[in-house]
Amino acid sequence: MPQGSLDVLLVSAKGLENTDYLCNMDPFVILTCRTQQQQSSIASGKGSDPEWNENFVFNLSEGVSELKLKIMDSDTGTANDLVGEVTIPLEPLFMEGNLPPTAYNVVKDGEYRGEIRVGLTFTPDGRRERGLEENFGGWKESAY
């Protein structure tokens, strides 16, 4: 698996199962790429069709093959509820370099619970390093 940076555009979700029976839920997303974890803002009162339009960046190392999304409902005073999960394989991204916002099925207990739209961009490490060396002729600053 390549090394580099993974840019994630968390766009929106639709048709999510509402875990709050008396009011609209307040969904947020926990994004996990191996040991790195980031969290979206809470879409307060947005219910089953939230929009985030937020960007996240992960540093990818050897062996990373998937991005996991866990959609949660923020609850005040009680534990947050799991709405559903998505596992996105990164192999197609490594071949294409860029995947436009795509709908992925949200699943909980093996059942479809809506969908989430995510865009992905992969930038390999080598591309950046070569660019810097070309711009500066490979010159390195002396420690003296």
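Tutor: Strands here are DSSP runs of at least two E residues, numbered from the N terminus. The model is predicted. G84 has a relative accessible area of 0%, and because buried means under 20%, G84 counts as buried. Leaving out residues up to four places away in sequence, G84 touches L69, K70 and I71, and also V106, V107 and K108. For V106, 22 residues from G84 along the chain, the separation between the two C-alpha atoms is 5.5 Å.

D73 lies in strand β5, residues 66-73. D73 is buried yet has no salt bridge. The nearest side chain of opposite charge belongs to K108, 9.6 Å away, whereas a salt bridge requires a distance within 4 Å. The side chain of D73 does make a polar contact of 2.7 Å with the side chain of T19. Beyond four places in sequence, the contacts of D73 include T19, D20, M25, D26, P27 and F28, as well as N80, D81 and V83.

Last, the aromatic rings. The whole structure holds one aromatic pair. F94 and F122 form this pair, edge-to-face, with 4.8 Å between centres and 70° between the planes. The pair links distant parts of the chain, 28 residues apart: F94 sits in helix α1 (residues 91-96) and F122 in strand β8 (residues 111-124). Both partners are buried, F94 with a relative accessible area of 14% and F122 at 5% relative accessibility.

Definitions and conventions: Residues are numbered from 1 along each chain as its sequence is written. This is a predicted model: local features need pLDDT of at least 70, side-chain atom pairs count only at pLDDT 80 or more; totals for chains, interfaces and linings use all residues. Side-chain values use heavy atoms; hydrogens and water are left out. Buried means under 20% relative accessible area, exposed over 50%, partly exposed in between (1.4 Å probe, protein chains only). Contact means heavy atoms within 4.5 Å. Helices (H or I, at least four residues) and strands (E, at least two) are DSSP runs, numbered from the N terminus. Lys and Arg count as positive and Asp and Glu as negative; His and the chain ends are not counted. A polar contact is a pair of N or O atoms within 3.5 Å; within protein, one must be able to donate a hydrogen and the other to accept it, and residues adjacent in sequence count only if both atoms are side-chain atoms. Rings of Phe, Tyr and Trp (its six-membered ring) pair if their centres lie within 6.5 Å; planes under 30 degrees apart count as stacked, over 60 as edge-to-face and the rest as tilted.
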